[in-house]
Amino acid sequence: MTAALSLQDVSCTFVSRDDRSQRYTAVSNVTLDVAPGEFVSVVGPTGCGKSTLLNVAAGLLEPSSGAVRVFGEALVGINRRAGYMFQTEALMPWRSARDNVLAGLQFRGLAEKDAAALADDWLKRVGLTGFGDRYPHQLSGGMRKRTSLAQTLVLDPDIILMDEPFSALDIQTRQLMENEVLELWAAKRKAVLFITHDLDEAIAMSDRVVVLSAGPASHPIGEFVIDLARPRDVAEVRVTPRFIDLHKAIWDVLREEVLKGYAQQKRAA
Amino acid sequence: MWNAIRPTTRNLRIWQVGVLVILFLLWHVLTKPGLIPPLFFDSDNDAKFFFGEPVKILLRIWDWFIVDRDIYQHLWVTLFETVLAFAIGTVSGLIMGMWLALSPLAAAILDPYIKAMNSMPRVILAPIFAVWFGLGIASKVALGFTLVFFIVFFNVYQGVKEVSPTVLASARMLGASRRQLLRHVYLPSATSWVFSSLHTSVGLAFVGAVVGEYLGSSRGVGYLILQAEGTFDINTVMAGILVLTAFALVLDGIVGRVERHLMKWQPRAGETEKL
């Protein structure tokens with residue numbers, strides 16, 4: 001079966017604008033496949049180039065070498081079949097929640113009435129009925145994330161890219177959102193590439209967890225299939241023995257990299 | 001007693017008017033010949049000669065608007081010049097600012113020239129504009145335009161540069177074309193910067209119109225002031241200044257209204273986050 005998203009031998013080297021000899025290789029020789037309907041998480045220490053990888057998959061960043069394939073086709077420019085949920089605020093502050101959700105539909109030239117109806121439907125699905133007319137600054141952090149989620153999913157993308165989408169939320173809101181995302185995902189079964197630094201979150205949500213080494217030139221150093229039964233509740237699944245076993249196995253690989261990454265950042269500071 | 005009239009947010013307007021009344025009373029007392037002995041000047045009539053008399057000034061304005069009704073033609077000319085300079089300056093500042101912010105190469109080439117034009121005291125262009133465009137409306141509009149344009153231009157330039165990269169990336173992922181990015185991301189993001197500049201530029205559009213009239217014209221409030229000054233009619237000069245100030249306030253108020261309407265997505269200072 002063709003992978004929904006396939007990174008083949010991808011490397012990204014950034015060159016300093018002021019000094020051409022200053023180079024930094026964020027990721028090197030990364031090969032990663034996400035099958036249609038598969039939920040894959042990438043975990044790694046801070047600053048290991050997780051977001052770089054996601055930007056490459058989104059087509060926002062061109063890799064220095066290697067190839068990106070989307071359903072077998074080489075990716076040129078923006079990845080049209082992917083939706084991207086950003087780590088930081090990505091809503092347009094000058095648009096109401098509804099207008100933010102329908103933005104993608106509007107860009108695609110859908111009639112205003114149909115777009116508004118679809119947007120309202122999605123606002124309802126993420127539990128924001130009645131909040132469509134609010135501007136982002138009038139919504140709480142969790143509500144803004146829900147709006148972002150609706151904005152991404154209303155376009156029904158075949159691939160969903162998520163960059164630590166819940167890292168700014170408190171733990172309760174976070175578990176609620178994680179369950180909601182799992183529920184929406186289970187209904188549609190899209191390919192998901194999920195970036196996080198939270199191992200618990202990665203295991204609780206994914207089919208497969210990929211561990212990246214510490215930067216620079218980070219690359220996958222371990223891959224774990226998560227064979228926990230679905231549907232899962234992210235809070236309950238955390239206390240099952242299998243979860244704890246998996247957590248221990250992955251953490252054994254990850255711990256050394258986290259320490260390495262921490263030591264490097266300390267040296268640089 | 002004091003508790004009843006103490007300044008609060010509710011009687012703010014009354015207090016604002018009160019300050020105006022007190023200022024006028026003070027002005028009247030200090031300039032009316034014979035009311036108080038001259039403190040600073042040699043003669044009783046000097047204060048009124050230099051500063052005018054508020055009662056006569058207000059009567060002058062009354063005559064202009066109600067009795068003789070001869071100020072309207074001058075006022076319309078000045079307002080027309082102001083609004084025209086303001087509109088043309090704002091729109092071209094917006095277009096140029098967007099264009100240069102989005103094409104870094106053009107910006108790099110034009111950079112020294114823009115800096116030079118901005119730091120030049122542009123009011124000295126007025127005589128040149130009078131030669132080029134004559135003594136009619138066009139030369140005043142041109143002067144006001146040069147004053148307004150740069151303020152709006154620099155603000156739009158800055159505004160486009162400061163668009164959140166995440167919002168931009170997000171819009172691109174949602175499928176926005178270059179045109180749609182311009183319309184739905186860059187433009188709204190720049191408008192908040194534009195509005196902060198519009199309050200300054202509406203005043204400068206007025207400066208352009210009045211200075212232009214002052215230097216050579218046959219109509220307009222600036223022309224009236226020039227005429228009065230020629231005959232040392234300080235009351236009429238002051239009356240002209242008051243009328244201009246009042247109308248500048250009105251224009252500024254209109255800009256503020258439009259701003260509040262278009263910028264309602266912005267959190268205001270002091271407004272708590274709802275929910």
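This report describes the fold of chain A, then that of chain B, in a predicted model.

Residues are numbered from 1 along each chain as its sequence is written, while chains are lettered from A and ligands numbered from 1 in the order in which they are written. Because the model is predicted, local features need pLDDT of at least 70 and side-chain atom pairs count only at pLDDT 80 or more, whereas totals for chains, interfaces and linings use all residues.

**Overall dimensions**

The table sets out values for the two chains.

| Chain | Span of the C-alpha trace along the principal axes | Buried residues |
|---|---|---|
| Chain A | about 50 × 50 × 45 Å | 43% of 269 residues |
| Chain B | about 75 × 60 × 35 Å | 32% of 275 residues |

Here a residue is buried if 20 or more other C-beta atoms, placed from the backbone, lie within 10 Å of its own, exposed if 12 or fewer do, and partly exposed in between.

**Chain A**

Chain A has 9 helices and 10 strands, where helices (H or I, at least four residues) and strands (E, at least two) are DSSP runs numbered from the N terminus. Four of its strands form an open antiparallel sheet in the order β2-β1-β4-β5, with β2 (23–34) and β5 (73–74) at the edges, each pairing on one side only; two strands pair if DSSP finds at least two bridges between them. Within this sheet, β1 (residues 5–15) and β4 (residues 65–70) of chain A run antiparallel and are joined by 5 bridges, and A:L5 stands opposite A:V70 in β4(A). Helix α1 (residues 50–58) of chain A lies across β1, β2 and β4, running at about 120 degrees to β1(A).

**Chain B**

Chain B has 12 helices and 0 strands. One of these helices, α12 (residues 234–262), has 29 residues and reaches 42 Å from its first C-alpha to its last, close to the 42 Å expected at 1.5 Å a residue, the expected span being 1.5 Å times one less than the number of residues. The buried residues of α12(B) include B:N235, B:M238, B:V243 and B:L244, and what covers the buried residues of this helix includes α4 (54–67), α10 (178–215) and α11 (221–230) of chain B.

Note on methods: Two residues are in contact if their C-beta atoms, placed from the backbone, lie within 7 Å. Axes are lines fitted to C-alpha atoms, for helices over the stretch in contact, and angles run from 0 to 180 degrees between N-to-C directions.
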